[in-house]
Amino acid sequence: MSREHEIRVDFNPSGQSVYVLPGTLLLEAAERAGVAIENACDGRGTCGKCRVKIISGRVQSNDQPGLGREDAARGYRLACRTRVLEDSVVELPAIAARSEQHQVLTSRAAFEQLRLAPGIARQDFRLAPPSREAAQADAERLAAALGDCRIPYRILKEHPRQLRAMDWQGIALLRGNELIGLDEASSHAGIYGIAFDIGSTTIVGALFDLESADELAVASELNPQVKYGADVVSRIERVRGNAELLPELQGLVLDAVRRIIRQLSGQAGVSAGRIYRLALAGNSTMQQLLLGIDPSPLGELPFTQAFARHQRVAADDLELACNPAAEVLIMPQIGGFVGGDTVAAMAAAGIERCSGPTLLIDIGTNGELVLSDGQSISAASAAAGPAFEGARIEQGMRAAEGAIEKVAVKDGKLLINVIGDRPPIGLCGTALIDAIAVLLDLGILAPDGRLRDRSGMPAGITDDLAGRIVETSNGKAFVLAREQESGGDRPIAISERDISEAQLCVGAIRAGINLLLRRHGLRAADLKEVLLAGAFGNYIRKQNARRIGLIPNIPTECIRFIGNAALHGAVRILLNAAESGYTDRLASATQHFDLSMSPDFQDEFAQAMFFPTTCVADN
Ligand code: FES
């Protein structure tokens, strides 16, 4: 088909454009133009995340349940349900335009305690040049000088030339008894490694000096697989429906890992060829997709994983541009959806050493829950959904610039804090929790998730607060920033539909916690400590998370943040080769509790959907 038959679609404000055939879905046109539009509901038209504004050009839309009437009247359309019919100009939402900016949490202090033993050693050597009297083969003399090491083909084919160029002396790099590199005697080149947290939503990498344990750089990016669904279940379903998508999903995550490697080595001024070791922690689906292993069995009862023990893969096999001898360590997995990120978090927290009943909660797209009663450990994965990562919340976004991240009420006035100190364009998960907690405390929100009418406000509610209740196509909503305060073209609000998404998330996690406690014969009050892990977990305000029932009703001094524990766990195996065996033992000693098989789950979930009426008071 010639270009005359194609139409041009321009995307503002990014400036990208693309030629496509008339009738192409806007979402596809955006993808071909290299514009990332979130596709959280897999194109079902329900999440509203792909909302764009049509500035010019004729388009045709199918039903758009995730788009409000007012928005449709103002020219907005859902890119997943809209086809372009002629040359068009499309404006991307401010949220999409900023989606590449993330708050990333790492903690230098958390890595400082680690014992450094990455399993790669330097050894100086000096060989006598060959002579008539001693004309032994180069490889035999080198291996003998290094304690009978194994010389792989990659070095075998180069070493005669290298040894002569080095004048028979230098530094050998050894991994166990395998020779992995030869450096000049005068070389000061370092040995480096990268730990990765491969999240469903965000991928984070941290570059380390493997000889000093110094963290040199941290980088992250949005997991490009989000265009195949915000949660792992959607991605598994896509692969189950079309096996040819597996290489595409693997390629997307590996490309992100490659970009992060380039970014980290550039930031730290380190050659990627000096990276000898990578350690990756992700949930079961992400680890399998990254390795190109079909995750379909995770989508069918009894939710079977492909492997349990940690895996070692050559970086070359994954076409990662590091040293050709680099190896990639993949975390062990426990069972079902409880994967390597949970094992990594458990290792980082040292959960098996906790003296009393301890609950570890990692709140992400899945809520990973681990309970140790001091004798035995159980782990479960609650399908929390991505509400607290901004997905399925009409004006939700990740914790990036322009997101309302905090909501409070003081002297009858609403206060908000916005990341980047600028007019808000959406709200992130912490603000959603704050807003629900505040509205529950004020009596504006009932435990069943319904907002009161303006006319039915409890005594003492100011006009400022009462006036923020508005009617929308998603039910009543509470306005956090009025139109004139907003950085977009509409007020920022949370609707009853958003609140019910939060109820689903809280309900799944709380039901999981209650069932785990019951399995160990414990009550919430018996918990000595609750450890909150994950980038999100570390920004939430404990009292508010407890108020909405997301974490157990225990004094806040018993609730402790432990940072991005999945990344910290990956750092442990990066810096200490013996940790792989330890994480295998930890994973096999942990019992997988499959919540979906529990006959009590549905009842527990239905009850947990109601927000608590009260909470314990702190001193
Ligand atoms: S509404 Fe279009 S991707 Fe969800």
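Helices H8 and H10 cross in a left-handed manner in this predicted model. Helix H8 covers residues 232-241 and helix H10 covers residues 284-291; the angle between them is about 40°, and their axes lie 10 Å apart. Because of that angle, H8 is oblique to H10. On the H8 side the contact is formed by Val 232, Arg 235, Ile 236 and Val 239, and on the H10 side by Thr 285, Met 286 and Leu 289. Sorted by class, this contact of H8 with H10 comprises five nonpolar, one polar and one charged residues.

The crossing of H14 past H18 is right-handed. Helix H14 contributes Leu 504, Gly 507, Ala 508, Arg 510, Ala 511, Gly 512, Asn 514, Leu 515 and Arg 518 to the contact, while H18 contributes Phe 601, Glu 604, Phe 605 and Ala 608. By class, the contact of H14 with H18 holds seven nonpolar, three polar and three charged residues.

The geometry of the two pairs is set out below.

| Helix pair | Angle between axes | Distance between axes |
|---|---|---|
| H8 (residues 232-241) and H10 (residues 284-291) | about 40° | 10 Å |

The peptide bond between Leu 301 and Pro 302 is cis, with omega about 5°. Pro 302 belongs to the loop that runs between H10 and strand E16 (311-314). Asp 167, a residue other than glycine, has a positive phi near 60°. Asp 167 is found in the loop between helix H7 (159-165) and strand E10 (169-175).

The volume of the largest cavity is about 40 Å³. Its lining consists of Gly 48, Arg 51, Gly 66, Leu 67, Gly 68, Asp 71, Leu 78, Glu 394 and Arg 490. By class, the residues lining the largest cavity are two nonpolar, three polar and four charged. The charged residues of this lining include Arg 51 and Glu 394.

Note on methods: Residues numbered from 1 in each chain as written. Predicted model: local features only at pLDDT ≥ 70, side-chain atom pairs only at ≥ 80, totals over all residues. Heavy atoms only, no water. Left-handed = near helix turned anticlockwise from the far one by under 90°. Helix = DSSP H or I, 4+ residues; strand = E, 2+ residues; numbered from the N terminus. Contact = heavy atoms within 4.5 Å. 1 Å grid on protein atoms, 1.4 Å probe; cavity = no way out; pocket = protein on both sides within 12 Å on 5 of 7 lines; lining within 4 Å. Points joined across faces, edges and corners; volume = space filled by probe spheres on them. Axes fitted to C-alpha atoms, helices over the stretch in contact; angles between N-to-C directions. Parallel < 35°, antiparallel > 145°, perpendicular 65-115°, else oblique.
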